[in-house]
Amino acid sequence: MKPIQTLQKILAQEENRFFLWIPPCLGLGIYAYFTLPNEPSTITTILPILITIPMLLIAKQTPLLPILIATTSIAIGFANAKRQSEAIAAPTIHKTLYNAQIKGTILKTEPAGIDRPARILIKPNSINKLPPNRIPKTIRINLSNQYETPITAGSNISVKAILFPPGRPAEPNGYNPARSAWFQQIGAFGAAKNKPAITPQPQSLAHKIDSARNALAKKVYQTIGGEAGALASALMTGKRAYVSADTTLLLRDSGLAHILAISGLHMACFAGAIFFFARAALALFPRIALSHSIKKWAVYPALAGAIFYLLFSGAGIATQRAFIMFLIACLAILMGRAVITMRNIALAAIAILMLSPEALLSPGFQMSFAATIAIVAAFEAISNRGIFQLSQDGALPLPLRRIFLAVGALFLTSVAAWAATGWFAAHHFHRVVFLTSFAANMGALPIFTVFVMPAAAFAFVLMPLGAEGLPLAVMGEALSAILWIAKNLTETLGRASALPVFPAATLPLAIFGGLWLCLWRERWRYAGCAAIAAALALAAFGREKRPDMIVSADGRNIAMRAPDGLLYAPLRSASYAVSVWLRRDGDRRDPSEIVSRRWFRCDKIGCVSQMPHLPRVFLIKQVKGSEALCRGARVLVSRRYLKRLSCPYADLVLDRRRLAKHGAHSVWFHGAGMDAAFTPSREKERLWNRRQGSAR
């Protein structure tokens, strides 16, 4: 009975921390919904809630209460994900429309940038060949430079375009673009084939904000100039059109990519600067400062600034999360409570997971919450241990004490954030930065916090007066310094290490161990270190064998693994699928660099592999005349139907019919046999994979 009594004692001591486990349990339910192989029925979704809630009410003040709270939260998360998925259902196309005549209203515009054309989001009213009930709610198309014309949100548009259905995973069980498009209610993607006919219309408030964002993005970029101007434009408006691919790669390799994603750091610096200066201004009036709580008064202009920044920066998921957390912090100040606590983080997470359960799967949500939780837990752990005692007890002069406290806080913040987010960076982006990231953040974050975002706030305030030049100049110089730090540290200490995909259990183990370590307060939390150690061991020694051959869902791209362990392709391609394969391999090469004439022999009919350690594979470009070449091939790949092709030795035929049914294929060869991984047919029952409202 002693272990049971010990457990009861620990649970009694941790009782005030049970609430913190509600968001992870909600997330577990949401994750379970998204990973199911087929769409659950409504009764399957509701039944667990109908069972657990009555049990929860009956079992009050019993040892089973924590377990029932957890199971109820899981059931609610699962049901909420199902609800949201069905609530936003909208038609999508599943077949390419080569000459779609589109008429509709422009919702959003993205200006042409350094590395990409202008892009617009359209609410279509009509698309030829599609009946009204099958027209997508929104479509996104690119405008070629030769067709680019002045476009503003709210205008009517008529344009001919080629439309593609939402993409499919580049590899089996990989990231699914169709699911992301489903939750954005984008039913098709494409490119314009002629110059759009634009008819200006009166703009709504949302349209005016979008036009103002584009105008400001261009103005900031031109005023500051260079890559610093591009970064300033992105930070102030959320528009990344002017940020080059080289700058994005530099920030990733130095561990500073997070400054591009508008999140809690940006919101805190922007609104925090307004709060600080509003409070300082009120303090200039002794009568007000002595008779009123100017700290609470300063909340209101800061909150107004946060709302403005939310709207003007695009109101993305990460920005919404940051705003919710800031709103909770404002409420805490007004109520006289602690601003940054685990409970406030939990409240923000619950709000986001209930409003947008799909946000759970986004790297931004995962990394921002992981960093925040780790930082708060680290400061909780040292708050009563005297770690910074010498900064308070007079052992050092006051200036040195303040420097020690600031450097120590920055050091602890950087270490905690890196340790928490590194897992997600490795999982999603297949790269991790060690010493470079730590040094870059130590050098760049003070500049970003003290100069960049406060300058942005002042620029917004002074723009109506035409006096934004000075704060923009300060912002530009500060961002130039950050880019200089990133470049020099990357050259000196090395850039990010590319990593192959980890075993599936690695990230869940790391998340569970991290949450166990951070959310509890008693000594049993250190058991979470065992789960983290297991995740590290899996990552280091349990890496899965990558496929010997990968074929894209459309049959356009194929890559095979040569004796040197690297992937090579027969045809040149800048395909998204190929870039994903290389990234998941931990291979930093560009897709254009993997084309090999050594390992493939190609002509107008097709390409035949020549790898001595693997069976012969034939990529068919032209069916007519291919029978002579395919007779010795074990695997046939083609974008066309191969029903009538006679190839007696072929064990696996990946033609248009099979690829359309199962998508991308990964193949492992072993001796005389082979194993193929693909998407099971039943996954087509998921809402985002169905041919709902399809083009026929």
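This is a predicted model: local features need pLDDT of at least 70, side-chain atom pairs count only at pLDDT 80 or more; totals for chains, interfaces and linings use all residues.
Among the cysteines, the count comes to one disulfide, which joins C602 to C607 with an S to S distance of 2.1 Å. The link of C602 and C607 is right-handed, with 115 degrees about the S-S bond. C25 counts as buried, with a relative accessibility of 11%. C518 is likewise in no disulfide, its nearest cysteine sulfur being that of C529 at 9.6 Å, and C518 is buried, with a relative accessible area of 14%.

Side chains of opposite charge can pair when their charged atoms come close. A search of the whole structure finds 17 salt bridges, among them that of E380 and R17, whose side chains meet at 3.3 Å, N to O. E380 lies in helix α14 (residues 363-383) and R17 in the loop between α1 (2-13) and α2 (22-35), so that this pair ties together parts that are 363 residues apart in sequence. In this pair E380 is partly exposed, with a relative accessible area of 22%, while R17 counts as buried at 5% relative accessibility.

A further salt bridge is formed by D210 with K239, the closest N and O atoms being 3.2 Å apart. D210 lies in helix α6 (residues 205-224) and K239 in the loop between α7 (226-237) and α8 (245-253), so the parts tied together by this pair are 29 residues apart in sequence. D210 is buried, with a relative accessible area of 4%, and K239 also counts as buried, at 1% relative accessibility. In the salt bridge of K545 with D548, for which the closest N and O atoms are 3.2 Å apart, K545 is exposed, with a relative accessible area of 54%, whereas D548 is buried at 7%. Beyond these pairs, E171, R546, R561, R584 and D585 are linked in a network of salt bridges.

Note on methods
Residues are numbered from 1 along each chain as its sequence is written. Side-chain values use heavy atoms; hydrogens and water are left out. A disulfide is a pair of cysteine sulfur atoms within 2.5 Å. Buried means under 20% relative accessible area, exposed over 50%, partly exposed in between (1.4 Å probe, protein chains only). A salt bridge is a side-chain nitrogen of Lys or Arg within 4 Å of a carboxyl oxygen of Asp or Glu. Helices (H or I, at least four residues) and strands (E, at least two) are DSSP runs, numbered from the N terminus.
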